[in-house]
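Please examine the sequence and the structure shown here. The report that follows is written for a reader who meets them for the first time.

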Amino acid sequence: MAAANRKSSDGSYVYREFGGDNSPALERGIQELPPAQQNLRVQASRKGRKGKTVTVISGFQAKPETLAALVKQLKTQCGSGGTVKDNEIEIQGDHKQKIVEILTQQGYKAKISGG
């Protein structure tokens, strides 16, 4: 976004699109639902990962901070790495059963999806 905030010699903006980087108008409001109202899908996937199996948890309606805390807990309990991508949690390895058990203990409605 360096081009979006380029200034001329007199200090005025030459080109600016939709405000600055930290404009409140650009922030999307994410409605965070309680865990009991979220329907999560847990599935193992190997697509686009060079044959490595990854457990993907989708269906979250939560803030990024909540997902970051949850992925940290899941990584610890599964003993593997993981990340948050596009409002989905990815845990390395096939941990479908274990993740469903952990999520249901926390009050989420989670079920295994796919084969």
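## Basis of the model

This is a predicted model, in which local features need pLDDT of at least 70 and side-chain atom pairs count only at pLDDT 80 or more, while totals for chains, interfaces and linings use all residues. Residues are numbered from 1 along each chain as its sequence is written, and side-chain values use heavy atoms, with hydrogens and water left out.

## Overall fold

The protein chain contains 2 helices and 5 strands, where helices (H or I, at least four residues) and strands (E, at least two) are DSSP runs numbered from the N terminus. Their order along the sequence is β-β-α-β-β-α-β. Of the 115 residues, 27% count as buried; buried means under 20% relative accessible area, exposed over 50%, and partly exposed in between (1.4 Å probe, protein chains only).

The accessible surface of the protein chain is about 7,900 Å², and 48% of that surface belongs to carbon and sulfur atoms. These areas come from the Shrake-Rupley method with a 1.4 Å probe, and for residues only the protein chains shown count as cover. Among contacts between residues at least 6 apart in sequence, 46% join residues at least 24 apart; contact means heavy atoms within 4.5 Å.

## Strand pairing

Two strands pair if DSSP finds at least two bridges between them.

| Strands | Sense | Bridges |
|---|---|---|
| Strand 1 and strand 2 | antiparallel | 5 bridges |
| Strand 2 and strand 4 | antiparallel | 3 bridges |
| Strand 3 (residues 82-85) and strand 4 | antiparallel | 4 bridges |

Gln43 has Val56 in strand 2 as its bridge partner, Ile57 stands opposite Ile89 in strand 4, and Thr83 has Glu90 in strand 4 as its bridge partner. The hairpin of strand 3 and strand 4 has 2 residues between the strands, and Asp86 takes a positive phi near 50° there.

Strand 2 is mostly covered, with 5 of its 5 residues buried. In a regular strand the side chains alternate between the two faces of the sheet. In strand 2, both faces are covered: Val54, Val56 and Ser58 are buried on one side, and Thr55 and Ile57 on the other.

Thr55 belongs to strand 2 and counts as buried at 0% relative accessibility. The side chain of Thr55 reaches the backbone nitrogen of His95 at 2.9 Å. This is a polar contact, a pair of N or O atoms within 3.5 Å; within protein, one must be able to donate a hydrogen and the other to accept it, and residues adjacent in sequence count only if both atoms are side-chain atoms.

## Strand 1

Ser45 lies in strand 1 (residues 39-45) and is buried, with a relative accessible area of 14%. The side chains of Ser45 and Arg49 are joined by a polar contact of 3.1 Å. Leaving out residues up to four places away in sequence, Ser45 touches Lys52, Thr53, Val54 and Val56.

Asn39 also lies in strand 1. Beyond its neighbours within four places in sequence, Asn39 is in contact with Ser58, Gly59 and Lys109. The C-alpha atoms of Asn39 and Tyr108 are separated by 7.1 Å, although these residues are 69 apart along the chain.

## The core and the aromatic pair

A nonpolar core is a set of buried Ala, Val, Leu, Ile, Met, Phe, Trp, Tyr and Cys residues joined through side-chain atoms within 4.5 Å. The largest such core has 18 residues, of which Ile57, Phe60, Leu74, Ile89, Ile91, Ile99 and Leu103 touch the most other members. Strand 1, helix 1, strand 4 (88-92) and helix 2 each supply at least two residues of this core, and the largest share, 5 residues, comes from helix 1.

Which kind of aromatic pair do Phe60 and Tyr108 form? The structure holds 1 aromatic pair, and Phe60 and Tyr108 form it edge-to-face, at 6.2 Å centre to centre with 80° between the planes. Phe60 lies in the loop between strand 2 (54-58) and helix 1 (64-78) and Tyr108 in the loop between helix 2 (96-105) and strand 5 (109-112), so the pair ties together parts that are 48 residues apart in sequence. Rings of Phe, Tyr and Trp (its six-membered ring) pair if their centres lie within 6.5 Å; planes under 30 degrees apart count as stacked, over 60 as edge-to-face and the rest as tilted.

Both partners are covered: Phe60 counts as buried at 5% relative accessibility, and Tyr108 counts as buried at 9%. Not counting residues up to four places away in sequence, Phe60 touches Gln38, Leu40, Leu67, Leu70, Asn87, Ile89 and Tyr108.
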